[in-house]
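Reader: Please take me through the salt bridges of this model. Keep it close and keep it connected.

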Amino acid sequence: MSADQAAFEVEQRDSGSQRVLTLSGDWRQASLRRAGEQMMALEREPFSGRTTIDMEAVAGLDTSGAWLIRRLITAAEGDTEIVNAGQTHLDLISSLPERLKEDQTPKRPRDSLFARLFAPVGVIMVDLWKDVLLAMHILGSAVSGAQLKLGRTSGVSPASIVNQIDRMGVGAVPIMLLMSFLIGAIIAQQGAFQLRYFGAEIFVVDLVGILQLREIGVLLTAIMIAGRSGSAITAEVGSMKMREEIDALTVMGLNPVGVLILPRLIALVISLPLLTIIANFAALAGAAVVTWAYSGITFEVFLSRLRHAIDYSTIIAGLLKAPFMALIIGVVAAVEGLKVGGSAESLGKHVTASVVRAIFVVILVDGLFAMFYAAIKF
């Protein structure tokens with residue numbers, strides 16, 4: 001053992017009623033290995049008599065060594081005294097608590113199995129209820145009027161609505177045309193391929209027309225708008241929340257819902273039905289091209305069969321869903337935007353949640369509409 005290593009010798013006196021620990025060496029962090037091993041062995045031998053710690057041969061002491069000496073004092077069950085120690089060493093040892101704070105903190109009892117299973121469900125339900133309340137607040141502000149000034153009713157700026165329609169509606173036309181054209185073409189090709197076995201390829205026109213106008217057109221348009229415009233609304237409102245611009249509007253006496261959210265809701269309600277109409281035309285055009293190239297059905301025959309397959313109720317059934325889906329997308333996006341915290345991570349989290357929740361609710365509402373139409377035979 002090196003002379004610099006911290007160590008101590010144990011001596012029993014007075015027929016075993018007194019124990020003397022003679023410390024020696026350098027009691028600093030780099031030299032405490034030997035003393036630590038001795039300490040673990042000493043703790044396995046309980047002693048209830050008087051303990052004397054002699055520090056005359058201690059060459060140096062730091063906080064780590066003082067902790068180990070404090071551990072020696074704590075391990076002794078009887079009276080303990082320190083002798084032949086300098087005042088600096090005594091002050092350092094006495095400044096340390098008897099145990100680490102972690103040891104003094106009572107451990108939290110483990111939750112029961114019932115709590116561990118159902119506590120997350122309770123948290124989710126509480127968060128969902130808060131989201132519903134916030135959504136009702138946004139809808140209430142929209143129904144009661146713009147209220148650009150708090151406590152005063154005033155109209156919404158037409159320029160703001162037109163700007164949002166341009167961004168959410170006109171800007172989305174190219175991708176809607178391309179996506180709907182391809183979807184209509186794919187449905188027509190797959191339908192014609194399957195109906196060919198029955199010699200009924202002409203009925204692919206009925207399939208595409210009814211499916212696109214009643215279900216696929218408005219649903220896929222709403223999903224695209226949720227991913228494109230819904231995420232943009234959440235990012236814009238969330239970034240304003242991060243920079244405290246929404247709080248600044250409130251301080252100036254302006255209603256944040258009327259200034260920021262209501263124009264976007266109105267623009268969505270106007271844009272989504274119009275985009276659905278454009279998507280329907282593009283999908284039917286794609287189906288007409290594919291049926292002509294794949295099945296030899298001319299455009300005249302396609303249009304003639306389409307007139308017999310659909311009526312006004314088919315078109316209205318799809319377009320009636322569009323304003324409701326637009327309102328849902330806007331409200332969900334606004335709710336997630338207002339929940340953004342002060343970090344970029346929070347912004348990304350809520351933008352993702354906005355898209356996922358909006359798409360989920362849109363599909364759910366489409367299913368509810370389908371059951372409602374079936375119940376009233378529409």
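**Salt bridges, pair by pair**

Author: Arg33 counts as exposed because its relative accessibility is 68%. Here exposed means over 50% relative accessible area, buried means under 20%, and partly exposed lies in between (1.4 Å probe, protein chains only). The model is predicted, so local features need pLDDT of at least 70 and side-chain atom pairs count only at pLDDT 80 or more, while totals for chains, interfaces and linings use all residues. Residues are numbered from 1 along each chain as its sequence is written, and side-chain values use heavy atoms, with hydrogens and water left out.

The partner of Arg33 is Glu37, in a salt bridge with N to O at 3.6 Å. A salt bridge is a side-chain nitrogen of Lys or Arg within 4 Å of a carboxyl oxygen of Asp or Glu. Glu37 is partly exposed because its relative accessible area is 38%. Both residues sit in helix H1 (residues 33–43). They are four residues apart, about one turn of the helix. Helices are DSSP runs (H or I, at least four residues), numbered from the N terminus.

Next, Asp26 and Arg28. Their side chains meet in a salt bridge, with N to O at 2.8 Å. Asp26 counts as buried because its relative accessibility is 13%. Arg28, at 41%, counts as partly exposed.

Now Lys339 and Glu336. Their closest N and O atoms are 3.5 Å apart, in a salt bridge. Glu336 is buried because its relative accessible area is 2%. Lys339 is partly exposed, with 29%. This pair belongs to a network: Asp131, Glu336, Lys339 and Arg357 are linked by salt bridges. Across the whole structure, a search finds 14 salt bridges.

Gln212 lies in helix H8 (residues 204–242). Gln212 counts as buried because its relative accessibility is 3%. The side chains of Gln212 and Asn280 are joined by a polar contact of 3.2 Å. A polar contact is a pair of N or O atoms within 3.5 Å; within protein, one must be able to donate a hydrogen and the other to accept it, and residues adjacent in sequence count only if both atoms are side-chain atoms. Gln212 also touches Gly217, Ala279 and Ala283, leaving aside residues up to four places away in sequence. Contact means heavy atoms within 4.5 Å.

Terms used:
Helix = DSSP H or I, 4+ residues; strand = E, 2+ residues; numbered from the N terminus.
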